Amino acid sequence: MRQSIIALTALFTIYSTPISSFAQESSKIKSETIKVKGVCSMCKKRIEDAAYIKGVKRADWDQKTQELKLVYNSDKTDLKTIEQSIARKGHDAGAILADKDQYKKLPSCCAYNDGAECAH
Amino acid sequence: MHKAIPLSFVFALGLSGTVSQASAQDAVADTIVAMQTVTGHVFDAQQKDGMVGVTIHTPDNRHHQVTDENGAFTIQVPAGTSQLIFSFMGYRTETVSLTAGTTAIEVKMQEAGLKEGKELGTVEVTSRRKTTEIGLSGTMKVEKIGSGELMKAACCNLSESFETTPSVDVGFTDAVSGYKQIQMLGLAGAYTTFTRENIPDIRGLASITGLSFTPGTFVESMQLSKGTGSVVNGYEGTAGQINVEWIKPFEDKAPKWLINGYQSTQGRSEGNLVYNHNFNKHLSTSVLLHGRSDWMKVDMNNDGFLDNPRGNNFVGSNRWFYFGDRGLEIQGGIKVVNLNTIGGQTNYAEGTPQVAGNPWGYENKVNRLEGWAKIGKVFPEKPYKSMGLQLAATIHEQDNQYGARSYNGRQQSFYANYIYQTIINNTNHTVKGGASAQYDAYQETFTGTPLKRTEVVPGVFAEYAYKYLNKFNMVAGLRADYHNLFGAFLTPRLHLRYAPAENTAIRASVGRAQRTANFLTENMGLMASSRAFMINGNDISTLNNNTYPFKPEVAWNMGLNLTQKFRLNYRDGSFGVDYYFTDFTNQIVVDMEEYNKVNFYNLNGKSYSHSIHAQLDYELIRNLDVRLAYRFYDIKTQYNSGLKEKPLVAAKRAFANIGYRTRNDWKFDYTVQWIGTKRVPQRYNDHEQHVHGSDYSPSYWMMNAQINKSFKEGKYEVYLGMENIGNIMQHPLITDASNPFGNNFDASLVWGSGMGRNIYAGFRLNLK
């Protein structure tokens, strides 16, 4: 029992140290938040899949705030490229409007400009 | 967590709220570094009055408050918070921007128009759920098993759906019936409380068979918690609680039609159909059907016995939901089950006389009817206040034939539970109180010996929940019950949670649990042997049928656990370790150590279970999830022959699961497990002499894999999988299989897989 308590304490100490400091290690790594329009969990998957292009470390889209949090390597990509990739899949992303044809192909529950609401 | 919340969820929580459906994320509170205080008033835009009970929260949902009777509120939010969201049932949700330095705000709430009825429903529910969450969420460690996890084991019923859950061990009950049983903390499934949407489901005579009667296709999600649960759900549940949420017809994500087909190479065919219909925003219904047929004679280990009985199983259910305008919620359902199987020696035919020289046969028939209802009321002007009544009735009949031995049982049960929930001053203090009644009438016959028992247990309970700044939670509950056979008893339970840092939660629990063991049905597997059934050392036939021969089982359970979430290399992960100790004050000991006997008696000495479980979940690269787990048990019981390890339970088990999803919706899933050695009960030769040198089973590996492909955003899905890839089976599975009517026949000592490699394929259609 004693060993397991020690192990527990040790693990706890390791994991309690802030890991977010990783992001600041290099100035090439940028964190930005952009607005992306969408409705539901199906949109979330589509948006995030589109955001994960080469150089993107992390993409988290929040359905409620309509915000996409991005972490990327600025040597390998830039915000505009990421936004274009999302817009090509039919979602307004930051300054770039969605590809109109792709928007029309979205499932009806993802049609954010036409009052779709879904509780996925 | 950022999604609209199904109405039923409110219902379930409003009524009982014991299994908190918190994802791990809620369970870990955030640190409050720099906080600012925002005060203000909320008014009705038309009537200009202050509004009580309006929910205020930050966009990330981490900080909540409710307005008081004058419409005033004070909320602590992290400095820099840019928005606050105000919601109230029947009103439009308002989002208010905060600029730097804002301390006092006024908010006018607009009543929602009728045409926005659908949105209204969503808003109402969102606010309701949060208030409930504040009080209870996270105080208990809950593993939420969502539909994604359930899909990893595309087959088929509740017992099989735990194959990818390291907290639960799944094993065959015996070598002939095909039933699988589960264990938590190394204790049999009967020590775990099974609830369907918080109403007790699998109890009594169905403790083993019942798991087969919840098809996976009906299930939306499951919540699993170890240790004693909330007193609201009763005094049972020594090892833990498993709550199952079915598909709800009124949820937007519920398909109109859900059709599933399955076929395995071991001759098992299944079909499932779920039909959901919403008549209007008030009324909805589901029809759920399941059919299973095992039509092939399968004997992969060539012992002359079918590995799995042949036969059919049908499950059908119909559910109704009604949501009124003023917080009234009513739901009800019925479920019917019919099962008819035949197994045993491959050449056995139904009704063959069971005498030496004829083939040994196994037969099983089950008929079960369940009905249940929930009536709930939330007070629209006081969303923190609710009350509910749960009602359930069950009739269960089963006939079993194990060679010359027959076991028949009939159970009639009725359950009622009334729960009232409110707050004291503010939502930091929540109280629940209520009363319950459980009635069970059992009539069993074991090869001519009748056993009869009626249990009536009325009880009252109270539970207080306290939270301090998302850092500390406490739930303290007490119930008093009166049992017609065993008298009055108290059930105290306490749960604590402390979050010392961001993404860290430490939880502790302690509680008492009591139950009446259905020692025959819970040990049905042992009937597949030549062992004589003994009660306190005397043959069961000497039993007086009017008295239950044992004391109730009483145990104390204590638990301590740590959950740590982390982000490493931009990917999320979590680590958890838990320790549980169960100490039996009394237990019905199942003693298989004597020659050709199984003896049941009250515990005389110690019986305990120590369980340590460590688990790491991490997304190694995007869409590649890895789960590693290890658990260790130390379970010992005082037998007449001494303190011994619990037989047929692996003390050590290691588990690894890798899941990968591609962007074009292929899913790959692979599970490998190592199951450690298990103690085998004392073995004897034909001359009743101990056989030495084979006290432990060998350890072994089990591997499963599955490939899924979904089309059209999940509308169609096909899967192909393989179980027991290594084709590892226990040899011999049955002791003295060639002489089933002799004194050494034993098909109940199962420590390994009774079935070999299995390949299966299936499809799912989700039609809107």
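Contact here means heavy atoms within 4.5 Å. In the predicted model, B:Phe533 touches B:Arg405, B:Phe446, B:Leu520, B:Asn523, B:Leu526, B:Met527, B:Asn538, B:Asp539, B:Ile540, B:Val598 and B:Phe600, with residues up to four places away in sequence not counted. B:Phe533 also belongs to the largest nonpolar core, which has 89 residues. Together with B:Phe162, B:Met222, B:Ile242, B:Phe519 and B:Leu520, B:Phe533 is among the residues that touch the most other members of this core. Another core lies apart from it and holds 26 residues, including A:Val36, A:Ala51, A:Val56 and A:Ala93.

Strand 1 of chain B (residues 35–44) is paired with strand 4 of chain B in the antiparallel sense, over 7 bridges. Within this pairing, B:Thr37 has B:Gln76 of strand 4 as its bridge partner. The side chains of strand 4 (residues 72–78) alternate between two faces.

Strand 5 (residues 83–87) and strand 6 of chain B run antiparallel and are joined by 4 bridges; B:Ile85 stands opposite B:Thr95 of strand 6.

Over all chains, the structure holds 42 salt bridges. One of them is formed by the side chains of B:Arg661 and A:Asp49, at 3.6 Å from N to O. Because B:Arg661 lies in strand 38 of chain B (residues 652–661) and A:Asp49 in helix 2 of chain A (residues 41–51), this pair joins two chains. B:Arg661 is buried at a relative accessible area of 18%, and A:Asp49 is buried at 9%.

A salt bridge within chain B connects the side chains of B:Lys248 and B:Glu197 (3.5 Å, N to O). B:Lys248 lies in the loop between strands 15 and 16 and B:Glu197 in the loop between strands 12 and 13, so the pair ties together parts that are 51 residues apart in sequence. Both B:Lys248 and B:Glu197 are buried. The side chains of B:Arg571 and B:Glu619 likewise meet in a salt bridge (3.5 Å, N to O). This pair links strand 32 (residues 571–586) to strand 35 (residues 607–621) of chain B, its two residues being 48 apart, and both B:Arg571 and B:Glu619 are buried. Through shared partners, salt bridges also join A:Lys45, A:Asp49, B:Arg622, B:Arg661 and B:Asp665 into one network.

Technical notes. Residues are numbered from 1 along each chain as its sequence is written. Chains are lettered from A and ligands numbered from 1 in the order in which they are written. This is a predicted model: local features need pLDDT of at least 70, side-chain atom pairs count only at pLDDT 80 or more; totals for chains, interfaces and linings use all residues. Side-chain values use heavy atoms; hydrogens and water are left out. Buried means under 20% relative accessible area, exposed over 50%, partly exposed in between (1.4 Å probe, protein chains only). Two strands pair if DSSP finds at least two bridges between them. A nonpolar core is a set of buried Ala, Val, Leu, Ile, Met, Phe, Trp, Tyr and Cys residues joined through side-chain atoms within 4.5 Å. A salt bridge is a side-chain nitrogen of Lys or Arg within 4 Å of a carboxyl oxygen of Asp or Glu.
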